[in-house]
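Reader: I am new to this structure and would like to learn how to read it. Could you walk me through it step by step?

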Amino acid sequence: MANDGGPTAGERFIRGIIPENPVYRQLLGMCPTLAVTGNLQAAMTMAGATAFVLFCANVLTSLIRGLLKPHLRILVFTLVIATFVTIVDRILQAYLYQMSQQLGPYVPLIIVNCMIISRCEICASKQSVFRAASDAVGVSLGFALALASIAAPRELLGDGALFGFAVMPEAMPQWVIMLLPPGAFITLGLLLGGANWIGQSLNRRKAATE
Amino acid sequence: MAEAEAKKTESQSRPALEVAPGPHVHHGALTTRRMMLDVIIALAPVLLVSVAVFRLYALKQIVLCVACCVAAEAVFDLMRHRRPKIDNLSAVVTGLILALSLPGTAPWYVAVVGSAAGIGLGKVVFGGLGHNIFNPAMVGRAFVMICFASAMGATAYQDETSAVHAVTQATPLTQLEQTGETTELWRLFVGNTNGSLGETSALACLLGGLYLLIRRSAAWQIPAGVLLATGALAVVQNAMNPGADWTAAHHLLGGALLFGAFYIATDPVSSPLTPMGRFIFGLGIGALVMLLRVFGGYPEGVMFAVLLMNSVTPLINRWTIPRPVGGPVERKT
C-alpha cells in the first residue's frame, strides 16, 4: 500500500503548484479564497497558516497511517487538523493580534478547509512521510500563489496599494466594489476563466505538435 | 419486456419528423437590428431633453458611454474569436441607456468602467446577446454605483457651482428624502429638474414609450404592470399619510420610474417570454420600486428593482407556461 508506484515526492511537489492547483484546478478551499483576499497581507497570513496546518497534518497523518481504521479516518483527520489549527490560532492571537482580529472566524474555519482533508485522504494516509511532506509543501505553495493572484488585483484596484504600500498614483479612483464580497466573486470568476482559457490553448498547442 | 419491444418497433416504423427548436416562423424585417433601431428612435425625445436640460454634461456622458460600449463589444467579441456584432446596434442601445441612467456630473472613468462592466460582466461572460440574465446597462450602473459610491450617490448629482441651472439643485427625490420639499408636478412632467440624464422628463419618456409600444418593439404588459403596481402602492401610501405633498402622481412622474418602465424593464432578453409572465414581471418591478423608495436607503430603486426581477425571470417563465390549444397534456406517471 505504501510505496508501490504512484507519483514520487518530486512529482507530488510539482503537481501541487500549477497542474493540480487547489484553487484553480480543484476548486477546493473556496471559503478563505473568497473571504480573506481583500488585501495581500491578510491573504498571505492565511496562506502561511494554512501551509503550517497542512504540513503538520500531512506529516502526522502519514506517521499514523498504519493505525487508521477506514470508518474512523475522516474523524481522525479532522481531529489532527483541529489540533494544529488551534495552535495557529493561538500563535496569531499572541503575536499578530491585529491580523488575528482581521481574519476573525476564518482561522478556526481552516479546520473545514476541504483542501487539507483531501490531501490527508488522497496522499498522506497512503504515502510515506517524505512524500506526504513534499506534497504538503507543493500544495501550500499553489494555494499561496492562488490567494496572491486574487488578492493582488483586488488590493491594487480597491485600495491602490500592495501589502499596504500605496503604489498607484493618488488621482486613481478607488474601486470600492473590489474590496467588498462582489469583488471577490468577480475576480475569482474572471481569473478562473482566464486559467481555463490558457490551459485549453496550451492543450491545443500540445495536440497540434504531437 | 415484450411491451417494450413492441414500442421500440413502433417508434422505428414512424415517419421521420424533423424536430428543431423554435422560432419556426420568420419575418424578414423583424431583426435584432430593427428592434434596436426602434429603441434608438424611441430614445430620441429623451436624448433631446437631456441635452437641452444638462447641455454638455449630457453630451459628454452619451458620447463616452456609446463609444466605450461599442469598443468593449468589439474587443470582447474578438477575444472570443467571433466577428464583432456591432452592426446589430445592441451595444449602442446599452451605451445610450447606461449614459441616460448616470448623473451628468459623474467623472469620465465612471462611464468607461460602467460600459466595460456592463458589456463584459453583464453580457459577454454569459455568452453574448440573448444569453444574459441581467440587463447589461443596469449591471454596469450597479457596478459603478457600488464601486464609486462618492461619484454616484445622491449628493453627487448636485454641483452648486455649475453653470447649468438644473445641476445646481438637488434631485427631486433627494430633496424629498432630506428636506421633505416636493417638486411641482409640471416640472417633473416637462423635465427641467436635476436627476439622472434620461429620467427627468416624464413627457419625453411617455412619447418614446408610446412609439415603442406602437411598433411592438416593447411588450405593453411590462410598463402596464410597473405603472399599475407603483400607482396602487402609491395610493395606499398616500391614504396612510393623508396631507402629504408628494402624491401618487408625483411617484409616477418623478424619479426614473417611467424611463425604467419603458426602456429598461422592456429589454426582451432579460424579461419573461409569456404575456402573463411579463405582466407579473412588471408588477414585481413596480412593487419593489415603491418598497425601495419608501423604506430603502437610496432615494430611488428602479435599478435594483429591475435587477432583482431579472433574477427571477426564469422562475416566472416556468410558472406561466401557456396552455396548449386543446387543453393541458396529461402526463402518464
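**Reading a two-chain model**

Author: Gladly! Chain A averages a pLDDT of 88, and 97% of its residues score at least 70. This is a predicted model, and where pLDDT is low, the predicted coordinates should not be read in detail. Chain B averages a pLDDT of 87, with 94% of the residues scoring at least 70. For the model there are also an ipTM of 0.81 and a pTM of 0.84.

Reader: Where in chain A is confidence lowest, and where is it highest?

Author: The lowest mean, 83, belongs to helix H1 (residues 9-17) of chain A, while helix H3 (residues 40-63) of chain A has the highest, at 94.

Reader: Now the overall fold. Which elements make up chain A, and in what order do they run?

Author: Chain A has 9 helices and 2 strands. Starting at the N terminus, the order is α-α-α-α-α-α-α-β-β-α-α. The radius of gyration of chain A is 19 Å, close to the 17 Å that the globule rule gives for 210 residues, so chain A is as compact as a globular protein of that length. Its C-alpha trace spans about 60 × 55 × 25 Å along the principal axes.

Reader: And chain B: how many helices and strands does it have?

Author: Chain B has 16 helices and 0 strands. The C-alpha trace of chain B spans about 85 × 50 × 35 Å along its principal axes.

Reader: Could we try one residue? Why does A:Ala43 count as buried?

Author: The cut-off for a buried residue is 20 or more other C-beta atoms within 10 Å. A:Ala43 is buried because 26 other C-beta atoms lie within 10 Å. This residue sits in helix H3 of chain A. Beyond residues up to four places away in sequence, A:Ala43 touches A:Val36, A:Thr37, A:Leu147, A:Ala148 and A:Ala151. Also look at A:Ala144: it is 101 residues from A:Ala43 in sequence, yet their C-alpha atoms are 7.9 Å apart in space.

Reader: How can I see which side of a helix faces inward?

Author: In helix H6 (residues 114-124) of chain A, the buried residues are A:Met115, A:Ile116, A:Arg119, A:Cys120, A:Cys123 and A:Ala124. They cover an arc of only 140° around the axis, so they are on the same side of H6(A). Among the elements that cover them are H1, H3, helix H4 (73-95) and helix H7 (129-159) of chain A.

Reader: What is a nonpolar core, and where do I find one?

Author: In soluble globular proteins, nonpolar side chains tend to be buried together. Here the largest nonpolar core has 94 residues, of which B:Cys69, B:Ala99 and B:Val306 touch the most other members. Leaving aside neighbours within four places in sequence, B:Val306 is in contact with B:Asn135, B:Met138, B:Gly260, B:Ile264, B:Ala265 and B:Ile285. A second, separate core has 39 residues, including A:Ala47, A:Leu54, A:Val80 and A:Val139.

Reader: What should I look for in the backbone angles?

Author: Most residues other than glycine have a negative phi. A:Phe163 has a positive phi of about 55° although it is not a glycine. You will find A:Phe163 in the loop between strand E1 (161-162) and strand E2 (165-166) of chain A. A:Phe163 counts as partly exposed because it has 13 C-beta neighbours inside 10 Å. B:Arg55, also not a glycine, has a positive phi of about 55°. B:Arg55 lies in the loop between helix H2 (32-54) and helix H3 (56-79) of chain B, and with 17 C-beta neighbours inside 10 Å it counts as partly exposed.

Reader: Last one: how many residues of each chain are in contact with the other?

Author: On chain A, 7 residues are in contact with 7 residues of chain B. Helix H8 (176-179) and helix H9 (181-209) of chain A are the elements that give two or more residues to chain A's side. That side divides into 7 nonpolar, no polar and no charged residues.

Key. Residues are numbered from 1 along each chain as its sequence is written. Chains are lettered from A and ligands numbered from 1 in the order in which they are written. This is a predicted model: local features need pLDDT of at least 70, side-chain atom pairs count only at pLDDT 80 or more; totals for chains, interfaces and linings use all residues. pLDDT is the predictor's confidence in each residue, from 0 to 100. Two residues are in contact if their C-beta atoms, placed from the backbone, lie within 7 Å. Helices (H or I, at least four residues) and strands (E, at least two) are DSSP runs, numbered from the N terminus. Ala, Val, Leu, Ile, Met, Phe, Trp, Tyr, Cys and Pro count as nonpolar, Asp, Glu, Lys and Arg as charged, and the others, Gly among them, as polar. A residue is buried if 20 or more other C-beta atoms lie within 10 Å of its own, exposed if 12 or fewer, and partly exposed in between; C-beta atoms are placed from the backbone. A nonpolar core is a set of buried Ala, Val, Leu, Ile, Met, Phe, Trp, Tyr and Cys residues joined through C-beta atoms within 7 Å. The radius of gyration is taken over C-alpha atoms; the globule rule is 2.2 Å times the number of residues to the power 0.38. The arc is that of the directions from the helix axis to the C-beta atoms.
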